[in-house]
Amino acid sequence: MRIALLSTIQRAVDDPRLLLSTLSFAGMTIAERQLDLALALGCERVVCISQGLDKTVLALQHRTEAAGAKFNAIATPRALLGLVSAADELVVVAEGLLPDSEVAKGVLASGAAVLSLPVEAGVAAGFERIDLNRAWAGVAIMPGRLVEQLAQLPPDCDAVSALLRIALQGRVPERDLREDVLSERRWAMIVGAEDIGEVEPEWFRRHASPPQAFAPGRMAAGLAVRTFASTWLKRGWGSRAFWPGSVLAGAGGVVAAAFAHPVAGLLLCGIGWLLGEAASALRRIAAAGLEQASSTERLPGMTALFSDLCLAGVMVLALSGSWPDRVFAPVVLLALVHLCLRLLSQKWTELAQDRAILAIYLAIGAWFGLLLPFIQIACGAMIVMLLGLIRDGSRLTQT
């Protein structure tokens, strides 16, 4: 059995009232990200050294058990002796480590090892020096038989540091971690909230959607997330807070159109789509570097589909004539939009999928009482693009 050892004892150097493990990074605590690392490495039991069953430890227990693993909270290092047998492997994680589960899983695929970094880069990044040329990267996998040596140490020893020394003395092989994970801020040692403030912006810039000049609406949503994601996530405004807003805005648009306010209805649909884009970006940021699949993985596609249905509903309600005539033009328009997404080159794909710009365009037509001609013009423009810009008849799918 592979067992993970986490710790929730150290306090932030810049605010002793806070435990390092409780500091929030991109919507998740450091302890939760370390737990995901343990689960990604195949740990079937998680042991946490803590000073009591506080809400952080209880949250770790719930997440661990939800993933099908066992959880134990202990107060002293020696309590680990009864939980790890000689046949087990122990995964030791340094407190304050902000890991990338995918990176660790790739490096540690071959079994027991002490992850290391070049000493200059590692020590400069806050990692513990272990010899003349190496710094510890914060993760070690060691044979369970070595854990028995904890019995020879004082009861109040630092368990993580002690186990690292035991692993090195037991000749557990060192394995180098690529230095570029430090420069890319994919692997960091956090000692206080100030470090979070330094690492988090680069994380957001890397994982939020880059600006897209051909999709002004998506560009606006991406810039908003890159700028305000830290504030939103600290207030608990994650993707789960934005997706309901997206649904409510789209539904509100249909209601507005039903009461003869098509302009407001179309604009609300555009706002709903923007909220859905912001929610998707926040979900990508929160899930970046994690192994466990998000339970909300299907929500972006479902929300986008709902936005299209609401947009179509507003157009149908805003047009006049028989129901077949009112339904035909919106259905053709959205069908052409989806066809453009599959067949056109990237820049035109970005423009076609920007529902905010489409909603504003249609709202202008509705304001002047020319919604149907505006729909027909948009359909004609997309047909021209499809006929003129398909590259040698090849299908270029959206990335």
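Predicted model: local features only at pLDDT ≥ 70, side-chain atom pairs only at ≥ 80, totals over all residues.
Residues are numbered from 1 along each chain as its sequence is written, and side-chain values use heavy atoms, with hydrogens and water left out.

Let me start with the whole chain. It has 15 helices and 13 strands, where helices (H or I, at least four residues) and strands (E, at least two) are DSSP runs, numbered from the N terminus. Of its 399 residues, 49% count as buried, and buried here means under 20% relative accessible area, with exposed over 50% and partly exposed in between, using a 1.4 Å probe and protein chains only. The chain exposes about 18500 Å², of which carbon and sulfur atoms supply 60%; these areas come from the Shrake-Rupley method with a 1.4 Å probe, and for residues only the protein chains shown count as cover. If we take contacts, meaning heavy atoms within 4.5 Å, and keep those with a separation of 6 or more, then residues 24 or more positions apart account for 74% of them.

Now to strand 6. Two strands pair if DSSP finds at least two bridges between them, and strand 6, residues 45-50, runs parallel to strand 7, residues 70-74, with five bridges joining the two. Within that pairing, Arg45 stands opposite Lys70, and the bridge partner of Cys48 is Ala73. Strand 1, residues 2-8, is also parallel to strand 6 and is joined to it by six bridges, one of the pairs being Ala4 with Val46. Strand 6, helix 2 (residues 55-66) and strand 7 make a right-handed β-α-β unit; right-handed means that, with the strands pointing away from the viewer, the path from the first strand over the helix to the second runs clockwise.

Which way do the residues of strand 6 point? Arg45, Val47 and Ile49 point one way, Val46, Cys48 and Ser50 point the other way, and all are buried. In a regular strand the side chains alternate between the two faces of the sheet. Because six of the six residues of strand 6 are buried, the strand is largely enclosed by the rest of the structure.

Turning to the nonpolar cores, I use the term for a set of buried Ala, Val, Leu, Ile, Met, Phe, Trp, Tyr and Cys residues joined through side-chain atoms within 4.5 Å. The largest has 63 residues, and those with the most contacts inside it are Leu80, Leu90, Trp136, Met142, Leu163, Leu177 and Trp187. Apart from it lies another core, of 30 residues, among them Leu266, Cys269, Ala378 and Met385. As for Leu90, its contacts beyond four places in sequence include Ile3, Ala4, Leu5, Ala140 and Val147.

How many disulfides are there? With a disulfide taken as a pair of cysteine sulfur atoms within 2.5 Å, the count comes to zero. The sulfur of Cys269 is 5.5 Å from the closest cysteine sulfur, in Cys310, which is too far for a bond, and Cys269 is buried, with a relative accessible area of 7%. For Cys379 the closest cysteine sulfur, in Cys340, is 9.8 Å away, again too far for a bond, and Cys379 is buried at 10% relative accessible area.

Leu358, in helix 14 (residues 355-367), is buried with a relative accessible area of 11%, and beyond four places in sequence Leu358 is in contact with Leu311, Leu333, Leu334 and Val337. The C-alpha atoms of Leu358 and Val337, 21 residues apart along the chain, are separated by 10.0 Å. Ser116, in strand 10 (residues 113-118), is buried with a relative accessible area of 0%, and residues beyond four places away that Ser116 touches include Arg134, Glu174 and Asp176. Ser21 is found in the loop between strand 3 (15-19) and strand 4 (24-25), yet Ser21 counts as buried at 3% relative accessibility, and, not counting residues up to four places away, it touches Ser7, Thr8, Thr29, Ile30, Ala31 and Thr56.
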